[in-house]
Amino acid sequence: MISNIQFQEQLEQEIQKLTELEKRLRNRLATAPEGTLHIHRMGKGKYSQYYTYREGKQIYLPVKKKDFALALAQKEYDEKILTVIEARLKSAKQLLKKYKVSLGDLYVKLSDERKELITPIAPTDEMFVEDWYEKHPGYANPYPNNSALYTERGETVRSKSEKILADLFYKRNIPYVYEPRMDFGNGKTIYPDFLLLNVKQRKTYIYEHFGLMDHPEYAKNAFEKLNLYSENGYWYGDTLLFSFETSINPLNTKYVEKMLCHFM
């Protein structure tokens, strides 16, 4: 079953497609000839005859004017299709408007007195985030962390780049956990740098930062880690995000901000 947000995205894509078709048809109809096409079917093995009407009179269209007959036929077809597209576009917009009403928001808008008496059928964003943190505890990596680098949230991280990233997530109000534990089906355990939550889509992303890519052994381990993710169904842009740096190419925060804008 697709989520409410995924359904909204599908509706938005359908609205965009229908809007483009509507525009294309209107542009074509703006230059279409006037008149209507009438087709007289002749006997078997004979060509049909084409007519149009002008000032109430039926006018025969000879073979040399078949392009005019084609244009009339196309116009009438376009008009019928446009009617269907307009109706679908109207319905899709109305449906999207209804689905943009969050079930969780209906609970949020209640008075505190009513909230105490009600169990919401759908969790609010705050409830979902709280539950997400409980399900994804951080600082699970057993490797010692003796760093004195503190994030804006008051937590320690292993590198300056990880502090920059954590503070960027915090500034953008993106829920995150540092170094959670992930157990894969092949018996391997991994500790990603971060897990991020897109609250609107209720979707979790792994975020890895590879900070020493000009060190051969580190780069080798990084690629093995990426292969492990792909082998277990984690793909970039789907459930996995990452960034790189070297000693001469530091973390590009502008790139990270653009990535977060796109995925979060």
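Partly exposed means a relative accessible area between the buried limit of under 20% and the exposed limit of over 50%. The model shown in these views is predicted.

**View 1. Phenylalanine 68 in helix H2.** Phenylalanine 68 has a relative accessible area of 26%, so it counts as partly exposed. Leaving aside neighbours within four places in sequence, phenylalanine 68 is in contact with Pro33, Glu34, Thr52 and Leu61. Alanine 219 is 151 residues from phenylalanine 68 along the chain. The C-alpha atoms of phenylalanine 68 and alanine 219 are separated by 67 Å.

**View 2. Helix H1, residues 4–30.** H1 has 27 residues. At 1.5 Å a residue, H1 should span 39 Å. The end C-alpha atoms are 39 Å apart, so the helix agrees with that expectation. Buried in H1 are Ile5, Gln8, Leu11, Ile15, Leu18, Glu22 and Leu25. The cover over these buried residues includes helix H2 (66–99).

**View 3. Aspartate 78 and its contact with arginine 28.** Aspartate 78 belongs to helix H2. Its relative accessibility is 2%, so aspartate 78 counts as buried. The side chains of aspartate 78 and arginine 28 are joined by a polar contact of 2.8 Å. Beyond neighbours within four places in sequence, aspartate 78 is in contact with Leu25, Arg28 and Leu29.

**View 4. The ring pair of phenylalanine 184 and tyrosine 234.** The model has 18 aromatic pairs. In this one, the ring centres are 5.8 Å apart. The planes meet at 45°, which lies between the 30 and 60 degree cut-offs, so the pair is tilted. Phenylalanine 184 sits in the loop between strand S7 (182–183) and strand S8 (189–190). Tyrosine 234 sits in the loop between helix H7 (216–231) and strand S11 (240–244). The pair therefore ties together parts that are 50 residues apart in sequence. Phenylalanine 184 is buried, at 8% relative accessible area. Tyrosine 234, at 24% relative accessibility, counts as partly exposed. Not counting residues up to four places away in sequence, phenylalanine 184 touches Ile190, Leu228, Tyr229, Asn232 and Tyr234.

**View 5. The largest nonpolar core.** This core has 19 residues. Those with the most contacts inside it are Phe184, Ile190, Ile206, Phe210, Tyr229 and Leu240. At least two residues each come from helix H5 (125–135), strand S9 (194–198), strand S10 (203–210), H7 and S11. H7 gives the most, with five residues. A second, separate core has 18 residues, including Ile174, Met259, Leu260 and Phe263. In soluble globular proteins, nonpolar side chains tend to be buried together.

**View 6. An aromatic cluster and a charge over a ring.** Ring pairs link Tyr139, Phe169, Tyr176, Tyr178, Phe194 and Tyr207. The charged end of arginine 153 sits over the ring of tyrosine 176. That charged end is 3.7 Å from the ring centre.

**View 7. Serine 243 in strand S11.** Serine 243 is buried, with 2% relative accessible area. Its side chain makes a polar contact of 2.7 Å with the side chain of tyrosine 207. Residues touched by serine 243 include Leu165, His209, Phe210, Leu251, Tyr255 and Val256, setting aside residues up to four places away in sequence.

**View 8. Helix H6, residues 160–171.** H6 has twelve residues. It reaches 16 Å from its first C-alpha to its last, close to the 16 Å expected at 1.5 Å a residue. Its buried residues are Ser161, Glu162, Leu165, Ala166, Asp167, Leu168 and Phe169. Their cover includes strand S5 (156–157), strand S6 (176–178), S9, S10, S11 and helix H8 (253–263). Just after H6, asparagine 173 takes a positive phi of about 60°.

**View 9. Serine 147 in the loop between H5 and strand S4 (149–150).** A polar atom of the serine 147 side chain lies 2.6 Å from the backbone oxygen of valine 157. Apart from neighbours within four places in sequence, serine 147 is in contact with Thr156, Val157 and Arg158. Serine 147 and lysine 160 are 13 residues apart in sequence. Their C-alpha atoms are 9.9 Å apart in space.

Methods
Residues numbered from 1 in each chain as written. Predicted model: local features only at pLDDT ≥ 70, side-chain atom pairs only at ≥ 80, totals over all residues. Heavy atoms only, no water. Helix = DSSP H or I, 4+ residues; strand = E, 2+ residues; numbered from the N terminus. Expected span 1.5 Å × (residues − 1). Buried < 20%, exposed > 50% of the residue type's maximum accessible area, 1.4 Å probe, protein only. Contact = heavy atoms within 4.5 Å. Phe/Tyr/Trp six-rings, centres within 6.5 Å; stacked < 30°, edge-to-face > 60°. Lys NZ or Arg CZ within 6 Å of the ring centre and 35° of its normal. Core = buried A, V, L, I, M, F, W, Y, C linked by side-chain atoms within 4.5 Å. Polar contact = N/O pair within 3.5 Å; in protein donor to acceptor, adjacent residues only side chain to side chain.
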